[in-house]
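Hello,

Here is the structure we discussed handing over. My notes on chain B follow below it.

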Amino acid sequence: MENVLSILFCLTLLYLVITSRLKTYVAILRTQGVLLSAIMIFPFMRHLSVHILIIPLMSLIVKAIIIPRFINKIIIDLDVKRIVEPSIQPFNFLLLSVASMSTIFVAAHVLSGYTPIEPIPFASAFSAIVTGIFLIIFRKKLIVHVVGFLILENGIFLFGTSVAAEMPTIVELGAMLDVFVVVFLMGIAINKISSTFAKQDVTVLGKLKD
Amino acid sequence: MNLLLVLTVLPILSIGVCYFVHIRKAQYIISLLVAIVHLVCSYIVFSGIYIPAENDFFRFDALSRLFLLILSHVYFWVVLVSYSYLNRPLVVKEEKSKKLYFTMLNVYLFANTLALISNHLGVFWVASETTTLSVAPLIYYYRDEESLEAMWKYLFLVSVGIAFAFIGFLFLVLSAGGTVLEGQQLLVTSFTRYATLLNPIWLKASFIFVFVGLSTKIGIAPMHPGDIDATSNAPSPAAALMSGSLRGTALLGVLRVYQIMVPTVTADFARTIMIIGGIFSLFVAFVFMFKVTNYKRMIAYSSVEHLGLITLGIGTGGIAFVGAMLHTVFNSLTKVVLFLNAGNIHRAYRSREVDSVWNVLQAMPWTGWFFLFGFFAIIAMPPFGIFFSELMIFQGLLTKPFLLAAVLFFLFFIFVGMSKTVFRMLYTAPPAEQTPIITEKFEITHFASLTLLVLLIALGLSMPSQLYTLVVQISKDFGILL
């Protein structure tokens with residue numbers, strides 16, 4: 001079941017690559033939030049307890065509800081143009097992503113022979129990390145950069161579950177809070193940028209250099 | 001009394017007070033009191049008079065104790081000068097920033113303390129991300145286009161960097177697969193104890209990710225640009241904090257992972273990576289020292305240089321490691337002097353460009369002289385402390401003569417480039433229109449600079465035995481026998 005959800009997670013990444021509508025980005029973030037929470041609950045289906053449910057529930061609230069809402073609000077408030085102008089052909093971007101994803105999957109398969117990792121969640125997580133970085137590199141809009149960062153964080157989250165990293169509840173909650181505050185501050189910054197500069201592109205941020 | 005509680009709970013209380021009380025003087029007094037208590041506690045822990053017991057999450061080993069003292073020392077001076085800094089009329093827009101200023105300083109203190117004494121890498125990660133969040137509003141203090149850009153870049157770059165560091169920590173979990181550590185918490189102590197059992201390939205991957213990720217915060221090239229923008233556009237006290245202690249906090253994260261790797265076969269790999277990072281940082285500082293036209297950026301590049309030197313020293317090992325640890329102390333104190341006086345110059349000339357600053361020594365004698373001495377201290381002029389620590393790093397590098405030659409070459413030209421800029425600011429005669437003669441009084445920033453410079457000379461000339469034994473203890477923890 002975990003593998004199925006991870007594959008679904010990977011498919012959302014491919015959709016992310018070809019779409020150019022901001023609304024879809026937010027929808028994908030929401031879907032990923034739900035998928036991640038589901039992946040976290042599954043191993044504990046047999047013996048559920050309140051204690052185990054805290055983290056998945058929190059991640060559901062933060063990743064699937066609060067953060068997508070916040071990003072939606074920024075898009076509406078700032079009246080960001082709903083279509084993203086890419087700096088790379090969508091088809092080439094898809095090709096690049098598929099190529100890197102397949103490399104990651106093959107590498108994960110090979111690695112799973114040596115070390116105790118679960119290849120599919122592991123590879124999905126790394127695909128998300130790479131896609132997040134691609135999104136930051138190949139898109140110009142700052143709000144899409146924030147989405148890219150969140151995709152990267154989702155990937156790390158999935159990675160954490162796939163290696164079964166033992167983190168105390170308080171640390172996991174702290175990490176989630178940190179990510180939320182980062183996104184919140186970035187939102188404020190984008191707000192300020194849009195009131196200071198004409199565009200919300202990276203192109204306006206070129207003043208500081210030597 | 002439990003010192004651990006004092007060190008962590010006090011800043012939290014102070015955050016609350018500063019957030020709800022809007023009288024700036026009250027905020028200042030509370031923050032200063034907390035800073036003093038924190039300094040006293042750190043000193044008690046540092047000197048080994050009383051060391052709180054270790055538990056799973058927190059520990060006070062030699063490394064933490066040294067970095068904790070650096071943090072509270074830098075923090076104390078920064079808070080001390082902050083009130084007079086906030087009262088300076090510069091731009092109207094910053095009034096809003098002033099409300100949050102002390103709150104954010106306290107968040108900074110809390111998060112850094114937590115990061116420095118954490119034994120759990122997850123706790124370290126959360127705390128160091130919080131330090132980024134606490135400085136972001138401080139960078140945006142002036143609320144102009146440049147500071148907005150700097151804040152965005154810093155926040156984004158460092159957040160992505162820290163995310164990478166987290167991947168590195170997860171690799172550490174993977175490396176424990178099949179050993180007694182499998183399924184255990186990410187504690188530095190237990191990982192160090194069973195280090196030899198860990199899978200070397202994942203350990204190497206972990207180090208690369210942690211080093212590259214935290215480099216954004218330490219300011220190791222090529223991940224330094226966000227750091228440079230942030231330190232040069234932040235108000236001077238915040239810049240002093242970032243250069244003086246925040247970079248050290250991030251360095252501690254790298255050191256923790258390195259500490260785990262020391263007893264294993266991967267130690268050489270980590271050392272090589274650190275040497276490459278260090279030498280590349282020196283190279284970048286060397287190139288940009290001739291290009292910068294902004295004196296605060298110049299000091300920021302000097303931070304890249306010195307953190308590069310420290311990483312190089314750690315990578316070299318032996319006596320160079322001891323030198324690197326001492327260098328961390330001296331560099332932090334010197335950066336406070338430089339940034340505070342650069343802030344004074346910025347206030348008087350209303351520009352950070354070297355070209356619009358002239359004749360500082362005559363117009364503002366106190367600031368000018370302290371800036372000059374700060375410059376002497378940072379370029380390792382004896383008898384300032386940095387001279388001795390750099391000498392130790394060079395001594396360690398003697399076994400690698402080519403590397404030493406490269407380091408000396410870079411340092412010499414950094415010195416040339418930096419002195420060109422500094423002397424131009426201090427001595428150039430004013431242009432046709434006369435400079436407004438500024439009559440400068442002896443201020444609290446000058447008092448801080450004077451004390452720190454005297455301290456730097458004193459530490460250089462006669463090293464306190466406590467500092468020395470602590471540094472030797474750290475070296476022992478890292479498997480270096482002197």
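H11(B) passes H12(B) in a left-handed crossing (left-handed if the near helix is turned anticlockwise from the far one by less than a right angle, right-handed if clockwise). The axes of H11 (residues 267-289) and H12 (residues 295-316) of chain B come within 7 Å and cross at roughly 155 degrees; axes are lines fitted to C-alpha atoms over the stretch in contact, with angles from 0 to 180 degrees between N-to-C directions. H11(B) is therefore roughly antiparallel to H12(B) (the term for angles over 145 degrees). The residues of this contact are 15 nonpolar, eight polar and two charged (nonpolar: Ala, Val, Leu, Ile, Met, Phe, Trp, Tyr, Cys and Pro; charged: Asp, Glu, Lys and Arg; polar: the others, Gly among them).

This is a predicted model, in which local features need pLDDT of at least 70 and side-chain atom pairs count only at pLDDT 80 or more, while totals for chains, interfaces and linings use all residues. Residues are numbered from 1 along each chain as its sequence is written, and chains are lettered from A and ligands numbered from 1 in the order in which they are written.

Helices are DSSP runs (H or I, at least four residues), numbered from the N terminus. H3(B), residues 62-86, has a kink of about 25 degrees centred on Leu80(B) (the angle between axes fitted to the seven residues ending there and the seven starting there). Of the 25 residues of H3(B), 23 are buried, so the helix is largely enclosed by the rest of the structure (buried: 20 or more other C-beta atoms within 10 Å of the residue's own, placed from the backbone). Val79(B) lies in H3(B) and counts as buried because it has 24 C-beta neighbours inside 10 Å.

Regards

Key
Helix = DSSP H or I, 4+ residues; strand = E, 2+ residues; numbered from the N terminus. Expected span 1.5 Å × (residues − 1). Buried ≥ 20, exposed ≤ 12 C-beta atoms within 10 Å, placed from the backbone. Parallel < 35°, antiparallel > 145°, perpendicular 65-115°, else oblique.
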